[in-house]
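Take a walk through this structure, one contact at a time.

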Amino acid sequence: MVLIDTSSASVTTRKLTTAKAMVEGISQEMELDQSVFVLGEDVGAYGGIFSSTTGLLEKFGPKRVLDTPISETAFMGLATGAAVEGMRPIVELMFVDFFGVCMDQIYNHMAKIHYESGGNVKVPLVLMTAVGGGYSDGAQHSQCLWGTFAHLPGLKVVVPSNPFDAKGLMISAIRDDNPVVYMFHKGVMGLPWMAKNPRSLGAVPEQSYEVPIGKASVVRTGKDVTIISLSLSVHHALDAADELATQGVDCEVIDLRSLVPLDRGTILESAGKTGRVLVVDEDYKSFGLSGEIAAVICESDPRLLKVPFARLAVPDVPIPYSRTLEYAVLPTADRIISEIKHLMG
Amino acid sequence: MDSQTRLGLYKTMVLSRSFEEAILRDYHADKKPAWDIGAGLIPGEMHLSAGQEPVAAGVCAHLTADDAVTATHRPHHFAIAHGMDLRLLAAEIFGRETGLGKGRGGHMHLFDPSTHFSCSGIIAEGYPPALGQAFAFKRQGKDRVAVAVTGEGAANQGGFHESVNLASLWKLPVVFVIEDNDWAISVPRDSSTSIRSNAVRASSYGIRGARIQDNSVEGVWDAAKTAIEKARAGEGPSLIEVHTVRLWGHFEGDAQAYRDDLGSLIDPIPAYASQLESDGVLTTELAGKILKEAKRQVDDAVEFAKSSPLPSAADAEKYVFA
């Protein structure tokens, strides 16, 4: 096992998109471990609708990269059964929004078997799924829903925001003996057919390495205010921090990377340092991640904060189709700047 | 069929029934006078399989511990026929630390790695994991098979249809078993299912389907032999539906007021005993010995369970993750 922190990514100058970094992680593990295989809808010849499996079929063949029928219950359960028998499946749910047709296999089976068996049966698999909006795909193809998965016991949940973490977290997820839900935002993949932030392209070491599950990353240090975020919203937070720096506000930005386990230590340390916290979350606002982080701080010591806790999340409405409406509900750099200015008084 | 095989089927059924009669006694023993489902040595829902033993005995006679079985919320007869350790089974039902799942699972959630047995409390959802076990067996290049069990009510669930289609498409070594006991809790088959035989549904997915009409353990044994041999030979999945009988309620405490067939039910175990006796395979004396031995094993298992410690409350959060 090689552990590399984001800070040492500078040792390599090779740059990959998040999608290519993910695929490289999968490919290297498939070379190492014959029990790893990939299944899902359009993961073969198409290479994954969001390029999460590009080239794997050509490299490993149809016995290890399998297109499935549109039968999510059957193939989710198949992944669980294969994992129980010692294989390490990577199963793709094309959009997280589709979980409704197969959630029983996810939350009642893959998530609970280890517990119900008293630890006697392990379910080592990766459930990877595309999340997020911003490209007018409407209410059934634009959700994040990580709070839903993180709420249910028995699933680890990781959400990379950049190429380096995407590869390292994928390798960690494959090697983990638990079901790991790996949620990639379409907007961080660096797809040629979708507007992208420059942070979707980044330095990625060629060798295999792990990014530890359960460890947040302080992607920008600052002393005035802490922005806690994940996935594409980290890009927006960093853009906002760059702009705010020119106005004399020094932001610390935390990329959670994992929701389960949640790195409470890093959250509390930063909250204690700056005394001001804004959570930026592309998932729905109520009963979710942003409220959970507020609770983590309150349960520890509400006096850590000098000003009231703030959150910027999707209000409790379905994601709208029309661009003006969609961008009225999604977190953006401009909206983050406005929230921070409010926090700074 | 040779006499030893026939006696083996009989012994399996007797062991299963003896076990469930013991569970039945202890389940109800301390829930009176005010019946409280959550009270007593065995709390919670209890779905017993009395009457359906021929299905489990006939199928599992062809399996080894290397083969997988995924069963339903009514799992005991399959667990026992597939060779689960009775002590571990009983201890789990009694919620003890020595149980299969250390008291975390309960009677609908039995996971036994040593016999590749599992079950699910969700209708039809035991089918998909069986595909994965069969997939792994096929990849390993071994002739192991997975048996997936549901009731007839499950054959109207999407998970059933998705699974049969995918197993057929990928030629997975799976044998689908449907226990048609006529009742989906209180809804009769005629009110839930548009066709008379689910074997027809098998053929619509391009696999072999058979329906055993009379809850005959030997009929099940024959059909399962063919299906399992074909699966082992790489010839893909099959489906067997057995018209069986639910002698007791959906769960214990079910008054079954909705049921008008209770007077006409045939208990398959004495019926099979009579058949074996008239064929000269079983004597009254031998039947007594078989019953005595079954009760000895059951008593041992129940005693083990009752004398085992309950899990520590401090460990409730243990085993969420590996």
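Over all chains, the count of salt bridges comes to 34. The model is a predicted one. A few of these pairs show what such contacts can join.

Begin in chain A. The side chains of A:E210 and A:R175 form a salt bridge, with 2.8 Å from N to O. A:E210 sits in the loop between strand 8 (201-203) and strand 9 (217-220) of chain A, while A:R175 belongs to helix 7 (residues 163-175) of chain A, so the pair ties together parts that are 35 residues apart in sequence. Their surroundings can be read from the accessible area. A:E210 has a relative accessible area of 11%. This residue counts as buried because its value is under 20%. A:R175 is partly exposed, at 29% relative accessibility.

Now move to chain B. Here B:D26 pairs with B:K306 in a salt bridge, and their closest N and O atoms are 3.1 Å apart. B:D26 lies in helix 1 (residues 3-29) of chain B and B:K306 lies in helix 11 (residues 284-306) of chain B, so this contact ties together parts that are 280 residues apart in sequence. B:D26 is buried, with 14% relative accessibility. B:K306 is partly exposed, with 35%.

Another pair in chain B is B:E97 and B:R104. Their salt bridge has its closest N and O atoms 3.1 Å apart. B:E97 is partly exposed, at 24%.

Salt bridges can also link up. Back in chain A, a network of them connects A:R199, A:R220, A:D239 and A:D242.

Next comes the sheet. Chain A holds an open sheet of seven strands, in the order 3-2-4-5-7-6-12. The pairing is mixed.

Strands of a sheet pair through backbone hydrogen bonds, either parallel or antiparallel. Strand 2 (residues 36-40) and strand 4 (residues 88-95) of chain A run parallel, joined by five bridges. A:G40 stands opposite A:E92, a residue of strand 4 of chain A.

Note on methods
Residues are numbered from 1 along each chain as its sequence is written. Chains are lettered from A and ligands numbered from 1 in the order in which they are written. This is a predicted model: local features need pLDDT of at least 70, side-chain atom pairs count only at pLDDT 80 or more; totals for chains, interfaces and linings use all residues. Side-chain values use heavy atoms; hydrogens and water are left out. A salt bridge is a side-chain nitrogen of Lys or Arg within 4 Å of a carboxyl oxygen of Asp or Glu. Helices (H or I, at least four residues) and strands (E, at least two) are DSSP runs, numbered from the N terminus. Buried means under 20% relative accessible area, exposed over 50%, partly exposed in between (1.4 Å probe, protein chains only). Two strands pair if DSSP finds at least two bridges between them.
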